[in-house]
Amino acid sequence: MNILLVGSDSRGATASQAESGASSDQRSDTMLLVHLPADRKKAYIISIMRDTWVPIPGHGSAKVNAALAFGGVPLMVQTVESLLHQRIDHVALVDFEGFKGLTDAVGGVRVNVPVPFTAGQTSGHRFGAGPQTLDGDQALAFVRERYAFPDGDYQRVRDQQIFLKALVAQLARPQTLANPITVSRMVGQFAPYLTVDRGLDARAVAALALEVKDLRPADIVSFTLPTSGTGTSADGQSIVELDQGAADALASAMAHGTVADYLAGRNLQGS
């Protein structure tokens with residue numbers, strides 16, 4: 001199963017827009033493909049960098065996040081499907097403002113900050129290196145910042161992966177799931193910021209939760225769609241170059257259930 005998570009700083013898109021091919025006038029800041037192998041023993045979270053230069057069906061080549069603006073969620077799905085030769089089963093549009101409320105609802109999320117920085121792009125929060133517990137405002141600043149880093153979006157993607165893994169670990173704690181008040185608070189805080197396709201209804205979510213109930217934080221592996229560095233497009237845009245050979249190898253591994261071997265072959269363990 002493949003679930004595409006599309007995040008932005010503004011929810012904007014409605015449920016009807018999510019299923020139409022209309023332009024959304026949005027460009028997603030974050031794209032994550034959650035790949036669940038058939039045995040459900042792992043969950044792979046693949047970050048797709050927003051400036052990755054890829055073919056967009058019917059529009060030539062452009063930054064991958066332009067697909068949302070050109071043709072809404074359907075074109076974004078078609079673009080990712082053609083890129084990795086994988087069917088996208090479900091789509092969820094997420095406003096990162098929702099993580100602010102969700103973080104507070106679970107009492108904060110503890111992360112290990114790899115690179116100290118000041119979030120000048122957003123709030124001015126200062127983050128020292130090392131373990132710390134983030135509240136909602138801090139979490140939002142942590143996942144959005146990119147200008148504070150020499151490698152920009154590369155570090156932002158790494159920080160997003162760190163936060164998502166820590167959040168999943170927090171949500172999966174027995175004391176969280178066993179507390180109906182906490183669960184109700186989480187749903188109430190996050191639901192206004194989430195739009196999903198019609199197939200991802202309560203029954204589908206419940207069935208999926210049952211399938212992955214034995215997953216532990218160590219079973220959730222995150223990595224970035226392979227790139228070969230930055231460059232400039234013919235029309236002068238600053239872009240991230242796709243590593244086509246590695247992307248094709250990843251597509252094959254996803255199709256054959258051998259993503260772990262793919263990562264080992266590239267000396268990647270994920271994070």
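A nonpolar core is a set of buried Ala, Val, Leu, Ile, Met, Phe, Trp, Tyr and Cys residues joined through side-chain atoms within 4.5 Å. In this predicted model, the largest such core has 37 residues. The residues with the most contacts inside this core are Phe223, Leu225 and Leu250. Helix α2, spanning residues 66–84, gives the most to the core, contributing 10 residues.

The surroundings of Leu225 can be described in detail. When neighbours within four places in sequence are left aside, Leu225 is in contact with Ile46, Ser47, Ile48, Leu83, Leu84, Leu242, Ala247 and Leu250.

Two of these partners, Ala247 and Leu250, are also among the buried residues of helix α9. Helix α9 comprises 13 residues, 244–256. From its first C-alpha to its last, α9 reaches 18 Å, close to the 18 Å expected at 1.5 Å a residue. Its buried residues are Ala246, Ala247, Leu250, Ala251, Ala253 and Met254. Seen down the axis of α9, the buried residues fall within an arc of 165°, so they line one face of the helix. The face turned away from this buried side carries the exposed residues Ala255 and His256. Just after the helix, Gly257 takes a positive phi of about 70°.

Asp248 also lies in α9. Partly exposed residues fall between the limits of under 20% for buried and over 50% for exposed; Asp248 counts as partly exposed because its relative accessibility is 35%. The C-alpha atom of Asp248 is separated by 9.6 Å from that of Pro226, although the two residues are 22 residues apart along the chain.

The model also contains an open sheet of four strands, arranged in the order β5-β4-β14-β13 with mixed pairing. The edge strands are β5 and β13, each of which pairs on one side only. From one strand to the next, the twist averages 45°. Strands β4 and β5 pair in the antiparallel sense over four bridges. Within this pairing, Val54 has Ala62 in β5 as its bridge partner.

The residue ranges of several elements described above are collected here.

| Element | Residues |
|---|---|
| Strand β4 | residues 52–56 |
| Strand β5 | residues 60–63 |
| Helix α2 | residues 66–84 |
| Strand β13 | residues 227–232 |
| Helix α9 | residues 244–256 |

Terms used
Residues are numbered from 1 along each chain as its sequence is written. This is a predicted model: local features need pLDDT of at least 70, side-chain atom pairs count only at pLDDT 80 or more; totals for chains, interfaces and linings use all residues. Side-chain values use heavy atoms; hydrogens and water are left out. Two strands pair if DSSP finds at least two bridges between them. Helices (H or I, at least four residues) and strands (E, at least two) are DSSP runs, numbered from the N terminus. Axes are lines fitted to C-alpha atoms, for helices over the stretch in contact, and angles run from 0 to 180 degrees between N-to-C directions. Buried means under 20% relative accessible area, exposed over 50%, partly exposed in between (1.4 Å probe, protein chains only). Contact means heavy atoms within 4.5 Å. The expected span of a helix is 1.5 Å times one less than its number of residues. The arc is that of the directions from the helix axis to the C-beta atoms.
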